[in-house]
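Subject: Structure for your review

Dear colleague,

Please find below the structure that I am handing over to you. I would be grateful if you kept it open while reading the notes that come after it.

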Amino acid sequence: MKERDKQLIEVTLDLFQEQGAKFKMVDVAQRMKMSKKTIYKEYGNKEDLIIMIVKATFEGIEHQLEKVMASDTYDSVEKLIRLSCAFPDAKDIDYHKALMLKEDFPKPYHMFIEYIEDNWNLSKVLFEEAKAEGKIKDLDHDVFRVMILGITKQVLDMVDVDQASLLETCVRQVFEGILVKD
């Protein structure tokens, strides 16, 4: 990815964090020190820029997940924990603002939802594997999902904390309750 593309993603993400999807293309142009015409010509409209930041955010998470899944060091439970803790960098998309895209920008909204759903499909596979191995209690994956989503939402609502570390601590505490004790 070209340096200017990275800078555009960062500028757009900053504006999205500050204003949600209400940011203006003129603000992007000013911060990039480019004309609006150039941005439209080379990168497209506001929806195209939002799609760029959704893709960039989830590419980071996907790289984390690929490393976890490829690891021979982790068993199914540890992989499931790490998958449940996959967290975008602090600079990434505010999930609450992303969910507000539904009405005005349905394409990036649906991309966002698809990325999340794909991660839950992988979670379910690992969850069922850990259950079959007798490592976790016979709990329905949907119940597990609700617990993890609730924790994640609460952590994302918190400010002035290391969200990634807090999320991992909370997820590991949930696993203390669902692990089969020897």
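This is a predicted model: local features need pLDDT of at least 70, side-chain atom pairs count only at pLDDT 80 or more; totals for chains, interfaces and linings use all residues.

I begin with helix α8, which covers residues 141-157 and so has 17 residues. From its first C-alpha to its last, α8 reaches 24 Å, close to the 24 Å expected at 1.5 Å a residue. At the N-terminal end, α8 is capped by D140, whose side chain places an oxygen 2.8 Å from the backbone nitrogen of D142.

Which residues of α8 are buried? They are H141, F144, I148, I151, T152 and V155. Viewed down the axis of α8, the buried residues fall within an arc of 100 degrees, so they line one face of the helix.

F144 leads on to the core. The largest nonpolar core has 49 residues, and F144 is among those with the most contacts inside it, together with V28, I39 and F175. At least two residues of this core come from each of α1 (3-19), α2 (25-32), α3 (36-43), α4 (46-70), α5, α7, α8 and α9. Setting aside neighbours within four places in sequence, F144 is in contact with L80, S84, W120, S123, F127, L139, F175 and I178.

Turning to charged side chains, the count comes to 10 salt bridges. One of them joins E42 and R4, at 1.9 Å from N to O. E42 lies in helix α3 and R4 in helix α1, so this pair ties together parts that are 38 residues apart in sequence. E42 is partly exposed, with a relative accessible area of 43%, and R4 is also partly exposed, at 34%.

A salt bridge also joins R31 and E18, at 2.8 Å from N to O. R31 is in helix α2 and E18 in helix α1, 13 residues apart. R31 is partly exposed at 36% relative accessibility, as is E18 at 48%. In the salt bridge between K135 and E133, the closest N and O atoms are 3.3 Å apart. Finally, E78, R82, E168 and R172 are linked in a network of salt bridges.

Yours sincerely,
A colleague

Notes: Residues are numbered from 1 along each chain as its sequence is written. Side-chain values use heavy atoms; hydrogens and water are left out. Helices (H or I, at least four residues) and strands (E, at least two) are DSSP runs, numbered from the N terminus. The expected span of a helix is 1.5 Å times one less than its number of residues. Buried means under 20% relative accessible area, exposed over 50%, partly exposed in between (1.4 Å probe, protein chains only). The arc is that of the directions from the helix axis to the C-beta atoms. A polar contact is a pair of N or O atoms within 3.5 Å; within protein, one must be able to donate a hydrogen and the other to accept it, and residues adjacent in sequence count only if both atoms are side-chain atoms. A nonpolar core is a set of buried Ala, Val, Leu, Ile, Met, Phe, Trp, Tyr and Cys residues joined through side-chain atoms within 4.5 Å. Contact means heavy atoms within 4.5 Å. A salt bridge is a side-chain nitrogen of Lys or Arg within 4 Å of a carboxyl oxygen of Asp or Glu.
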